[in-house]
Amino acid sequence: MKPDLSFEQIERFKADLEKCTKCGFCMSACPVYREEKIESSVARGKIMLVRAWLSGELTPTDEMAKALNKCTLCMACAQSCPAGTQVPSVVTAARADKAGQKGLSFPYNLVYRWLLPRRRLFGYSVRFASWFQGIFLPRTEGSIRHLSYFLSALGQGRHIPEIAPKFLRQSVPEINPPPDGVPVKFTVGYFTGCMTDFVFPELGQKIIRFLNRNGIKVVMPRGQGCCGAPVFLGAGDFKTGRKMADANVRAFKNLDYIITDCATCASAMKDYVKFLADTDERKQAYTEYAARIKDVTEFLVDIAKLPDSAYRVAPEFKGKTVTWHEPCHLGRYLGVKEQPGKILKALSDIKFVEMADADQCCGMAGTFSIYFYDLSKQIADRKVANIQATGADIVTTDCPGCQIQLIDSLTRHGLPVQVRHIMELLE
Amino acid sequence: MIDARQIEQLRKIIGKENVLTSPEDMVSYSYDAMNLWAHKPDCVVLPVDAAGISAVLKFANENNIPVTPRGGGTNVSGGSIPIKGGIVLVTTRINRIIEINKTNLNATVEPGVILQDFNNALTKEGLFFPPDPQSAAGCTMGGVVAENSGGPSCLKYGVTKQYVLGLEVVLADGRIVKLGGLTPKNRTGYELMMLFTGSEGTLGIISKITLRLLPAPKAEKTVVAVFTDVAVAGEAVSEIIAAGILPAKIEFVDNWTFDKFRGLLPDKTLDTCQVILLIQVDGLKETVEAEAQQIFSLCKKTAAEVKVAGDKVEAVRYWAARSAHFSDISSRAHTIVNDDVSVPRDKIVEFIKRGQEAARRFDVPLSFAGHIGDGNFHPVVLTDSRDKEHFARAHQCVDEIIEIALSLGGVISGEHGIGLEKKRFMKKAMDPVAIEIMKKIKDVLDPRHILNPGKIWEDEADET
Ligand SMILES: Cc1cc2nc3c(=O)[nH]c(=O)nc-3n(C[C@H](O)[C@H](O)[C@H](O)COP(=O)(O)OP(=O)(O)OC[C@H]3O[C@@H](n4cnc5c(N)ncnc54)[C@H](O)[C@@H]3O)c2cc1C
């Protein structure tokens with residue numbers, strides 16, 4: 001092992017690694033610690049493990065990998081840290097160095113290095129894999145080695161919507177101008193994450209229609225791919241991550257804004273510069289790219305500045321009680337906290353009730369929930385209890401990943417609460 | 001050293017999911033919230049109930065295995081470090097709030113409940129548990145009782161021991177004993193609960209706690225005063241008390257951590273001043289308003305700047321800055337050596353002056369902060385344990401500060417406990433007969449000395 005090379009990424013976040021003073025304030029913030037109550041699951045413990053790895057006291061064993069993977073990157077620890085330690089950055093960097101030292105294991109190497117970066121092929125293999133739901137996939141923790149495909153793994157044992165018969169990219173054109181008579185006020189690029197593309201294509205269609213009706217021309221570049229979150233944040237594969245990042249940057253050249261309906265994709269793409277910028281050109285390109293990314297609610301409220309009257313609830317949701325789950329990536333990462341509430345409060349025909357701990361992680365966290373499905377369910381159960389306490393008919397959110405988790409959890413509990421993306425509520 | 005067969009037995013006793021043995025887990029349970037000591041256990045157990053604690057202790061006692069109790073591991077005196085190896089027994093999985101009773105004004109909790117979670121539950125009921133260690137976000141109720149913790153509010157409300165009504169404790173041989181009860185008045189026999197309150201895990205493991213509660217104060221008001229000189233601030237504190245006001249909290253920080261107050265107070269004041277006092281009064285709205293005004297006027301006489309927080313949001317921001325003090329100061333040096341002395345209030349000014357003089361003499365950076373209202377200070381010397389010479393001077397300085405406190409009629413630890421950190425002062429700080437009695441009590445309750453060995457009064461000679 002060459003220590004000088006193998007801690008390349010952690011070295012970049014050394015300041016964070018050193019900031020932690022072990023005060024333990026993260027213990028009441030961490031959703032994983034709340035369930036497991038062992039030191040290696042909480043932020044402070046992970047920092048100490050990484051320090052011990054760096055000092056040579058520990059080596060990157062499976063046990064170490066497990067501790068590093070057991071983090072939803074929800075950022076709650078960083079928010080409560082009086083020293084301002086960005087533990088999620090350290091965890092991500094450590095995952096990368098671990099991958100660098102030990103390599104990715106099969107089948108992640110296949111899926112992440114080869115499939116995810118190839119959007120069309122990935123789409124087909126998702127469909128193919130969906131036929132095999134129930135054969136390859138892990139039912140509980142510990143069997144991740146048998147994981148077949150990332151997305152379909154989410155389906156295993158989970159109550160999730162089926163893979164859509166027709167993907168979004170197959171059902172809408174690349175350029176979507178406003179209807180005749182509506183002048184173009186803005187032109188935006190639409191980044192459709194994998195979930196919207198393959199699982200929730202109607203959401204994408206609805207967003208395009210809403211934007212068009214309000215004078216916003218929507219371009220859906222065909223060259224776009226996966227945001228890369230599962231690859232560079234989840235698996236620590238920065239090399240493939242860069243390929244994906246570069247493809248997205250190319251695809252959205254010349255567009256003033258890049259709109260997303262998935263807080264995870266948006267924040268992962270904003271983080272390209274933090275984790276993936278290995279050259280000056282990339283640093284510049286990623287910085288400039290990040291500045292153009294806007295969550296759809298943020299765009300509507302802060303940039304397009306639509307009047308309250310623009311928001312009308314779709315007939316099917318009239319009279320319903322609605323609550324809001326704030327995705328970690330939306331509130332803590334993107335800092336978009338007020339905008340969704342503004343939209344929901346503008347909808348006069350629904351009753352909006354706030355839920356307790358709305359900003360707490362739902363336990364999805366992408367790859368995390370595949371590695372640790374049981375744990376992910378325990379975290380979700382708290383969310384379910386809070387949803388139930390509001391008496392809402394519908395829980396809305398702004399991240400298809402959270403949506404899948406909420407659908408699964410509410411179904412498991414046999415609750416008749418619908419899960420909707422906030423944009424789906426709009427007419 | 002525990003052998004493989006014994007680990008297997010422990011797994012049988014409390015379930016394999018509650019026994020940790022990996023090298024990663026041993027590192028995870030080797031530390032407290034300081035950088036002065038670390039020692040790995042041989043294994044970690046996480047019982048899920050009192051019966052589990054009892055079974056582990058019985059086994060450990062029969063096999064002479066050291067057991068170090070641990071809650072949140074936020075102590076700063078080495079208390080939770082398994083300095084002799086053996087088992088770390090963690091209470092975090094025993095974490096139910098069993099009852100909050102509004103009529104009886106009491107609550108019964110398990111030891112692993114995080115203080116902040118308990119406080120959140122009480123707030124919903126309009127109730128209040130006053131002891132407020134600044135580590136509330138991580139420390140557990142068991143740790144709070146075992147350390148007899150205090151915090152800012154103890155000026156008016158006293159420390160944890162004033163709130164303990166009943167305890168369930170597991171003794172070293174595994175017997176589970178119930179002490180005290182549910183009522184605030186109880187004159188049945190000796191106050192045995194008090195033995196375990198503040199015992200730092202050396203006499204038994206607390207498995208259930210009944211606490212007295214208060215109704216939450218109806219109103220609060222925070223006053224912030226900035227002074228050019230620490231001694232002048234100390235005099236302001238004396239004046240407030242002399243005026244017949246008993247604030248809930250009077251805290252202070254010095255300019256080492258003024259950065260946390262940037263944006264809250266004018267830069268000019270922060271750049272030229274030495275110390276910030278934070279004062280909180282609580283009670284009925286009318287009283288609180290009047291007292292805040294009175295404090296404002298008193299401070300105004302000598303302070304460079306005085307502000308009454310306009311609303312709760314503003315007040316919370318001041319208090320958050322205060323609570324960040326410890327980690328802020330810790331992050332400014334590789335190693336900090338901190339202190340927890342408490343001196344009588346009328347000696348505060350003298351204590352601070354002599355402490356600062358000592359730091360100058362030893363040529364080490366010293367930051368003062370703490371619960372100035374009740375005379376409990378946390379002087380912190382910033383150092384680097386890798387620089388042997390500086391580290392030695394830092395220790396000499398801290399030792400001298402402790403000597404100063406003792407000479408003024410103070411104590412070596414106000415709230416953090418003795419643990420490993422202050423063992424060396426015990427002989428000076430306590431009557432030898434009292435130490436003798438403590439040893440006898442230890443022999444009765446834990447004859448084989450398996451519980452948290454190497455702490456408080458045990459010196460090398462005692463440890464054969
Ligand atoms: C930033 C910071 C601020 C702090 N501020 C304060 C403060 O204002 N006031 C204050 O008093 N302290 C303070 N502390 C110290 C510490 O947090 C408290 O002493 C706290 O109560 C310890 O609780 P814990 O659960 O972390 O206990 P641990 O650190 O796990 O253990 C502390 C001691 O108690 C024993 N113990 C733990 N649980 C049990 C049990 N169930 N039965 C028997 N023994 C047990 C352990 O063996 C050990 O000796 C602070 C610490 C930090 C890091």
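Predicted model: local features only at pLDDT ≥ 70, side-chain atom pairs only at ≥ 80, totals over all residues.

Me: Which chains does the ligand lie between?

Reply: Chains A and B.

Me: OK, which residues come nearest to the ligand?

Reply: There are 36 residues around the ligand. B:Pro69, B:Thr74, B:Ser135, B:Thr140 and B:Gly150 come nearest.

Me: Let's talk atoms. What is 2.5 Å from an oxygen atom of the ligand?

Reply: An N or O atom in the side chain of B:Ser135. The side chain of B:Thr140 also has an N or O atom 2.6 Å from a ligand oxygen. For the side chain of B:Ser149, the N or O atom is 2.8 Å from an oxygen of the ligand.

Me: And how much of the ligand does the protein bury?

Reply: 99% of the 970 Å² that the ligand exposes when taken alone.

Me: Switching topic. Which element gives the most to the shell?

Reply: H5(B), with four residues. That helix spans 141-146. Strands E3 (67-70) and E10 (205-212) of chain B each supply at least two residues.

Me: What about domains, which ones of chain B does the shell draw from?

Reply: Domain 1 (4-90) and domain 2 (97-215). Each provides at least three residues.

Me: Last one. How do the shell residues divide into nonpolar, polar and charged?

Reply: 12 are nonpolar, 20 are polar and four are charged.

Definitions and conventions: Residues numbered from 1 in each chain as written. Chains lettered and ligands numbered in written order. Heavy atoms only, no water. Near = heavy atom within 4 Å. Polar contact = N/O pair within 3.5 Å; in protein donor to acceptor, adjacent residues only side chain to side chain. Areas by Shrake-Rupley, 256 points an atom, 1.4 Å probe, with all protein chains shown as cover. Nonpolar A, V, L, I, M, F, W, Y, C, P; charged D, E, K, R; others polar. Domains from an automatic or database assignment.
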